[in-house]
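Hello,

Here is the structure I promised to hand over. Please have a look at it first, and then read on for what turned up in it.

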Amino acid sequence: MKKRIKLSHIICYLLLFGLALVCIIPFYNIFMNATHENAEIASGYQLLPGKYLARNYETLVHYVDIWRAFGNSLFIALSSTALSAYFGGLTAYGFAKFHFRFRNGLFWILLATMMLPAQLGLIGYFQLMDRFHLLDSYAALIIPSAANASAVFFIRQFIVSAVPDSLIESARIDGCSEIRIFHKIVFPIIKPAVFTQAIFVFVNSWNNFINPLILIFTPEKLPLPVVIQQLNGTYMRDYGVVYLGVSISVIPIVIFASLFLKRIIGGVTVGAVKG
């Protein structure tokens, strides 16, 4: 029996190692290609770093202001994440703990919006931003994150499982306002779910390409994904430089995933278990 358990552990670790390898190889390939020139990249898979990193970087900063675009993306992603985390948690608290008319119907409408591709509403959203004179501004990219249906759904399920009604009733009896109950009692409890959704929102906002391409006109305001696409399609065919730009865009996502991995796992597992 012990041998079988040990063998199953070995098989499990081998499968996990193989899965990790499959996930790591594409990133490794991106970083390695960023240090090579076109001829070397075309010759095949590069296992070792090349000697063209400095040249590729000089070419990159010569053609595009990569760090301005990096800062634009960082500002948009962090603002969107903060807005989504706070208002998503606040809305989820309302759906989970408040009993009001048409609550279930409104929640089903909220879930239905998750089934619709975001591209279907892009024209209408463009017209709406034009009416509010918010085109070519970061607000047009940040404001929609306050109404994140998936964050509301996920955090609501967590609140139903992890926040007992008796705790909220006790705070109300003690004279706490609803907003204070949320800030002082509910929010600290639901942090795992909020942080989990914050990572997803950050990654989606960081990788957002279509919305900035349509809503932002000033080149200095463009985020990193759009600038890298322009680098690939307009300025040159130097793939080492393009790979370097992609490498720079990947770094924040890798850092966030590494720092908050435990929070993501904890949020998913705790939010799925009641008791």
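A residue is called buried when its relative accessible area is under 20%. Trp206 has a relative accessible area of 1%, so this residue is buried. Please keep in mind that the model is predicted.

In total, the structure holds 12 aromatic pairs. In one of them, the ring centres of Tyr86 and Phe182 are 6.0 Å apart and the planes stand at 80 degrees, so this pair is edge-to-face. Tyr86 sits in helix H4 (residues 66-97) and Phe182 in helix H10 (residues 178-189), so the pair ties together parts that are 96 residues apart in sequence. Phe182 is buried, at 0% relative accessibility, while Tyr86 is partly exposed at 28%. Tyr86 and Phe182 also belong to a cluster linked by ring pairs, together with Phe87, Tyr93, Phe98 and Phe187.

Phe98 has a charged neighbour too: the charged end of Arg172 sits over its ring, 5.5 Å from the centre. Likewise, the charged end of Arg156 sits over the ring of Phe107, 4.4 Å from the centre.

Finally, a look at helix H3 (residues 53-63), in which Asn56, Thr59 and Leu60 are buried. Viewed down the helix axis, the buried residues of H3 fall within an arc of 100 degrees, so they line one face. The face turned away from them carries the exposed residues Ala54, Glu58 and His62.

Enjoy exploring!

Key:
Residues are numbered from 1 along each chain as its sequence is written. This is a predicted model: local features need pLDDT of at least 70, side-chain atom pairs count only at pLDDT 80 or more; totals for chains, interfaces and linings use all residues. Side-chain values use heavy atoms; hydrogens and water are left out. Buried means under 20% relative accessible area, exposed over 50%, partly exposed in between (1.4 Å probe, protein chains only). Helices (H or I, at least four residues) and strands (E, at least two) are DSSP runs, numbered from the N terminus. The arc is that of the directions from the helix axis to the C-beta atoms. Rings of Phe, Tyr and Trp (its six-membered ring) pair if their centres lie within 6.5 Å; planes under 30 degrees apart count as stacked, over 60 as edge-to-face and the rest as tilted. A charge sits over a ring if NZ of Lys or CZ of Arg is within 6 Å of the ring centre and within 35 degrees of the ring normal.
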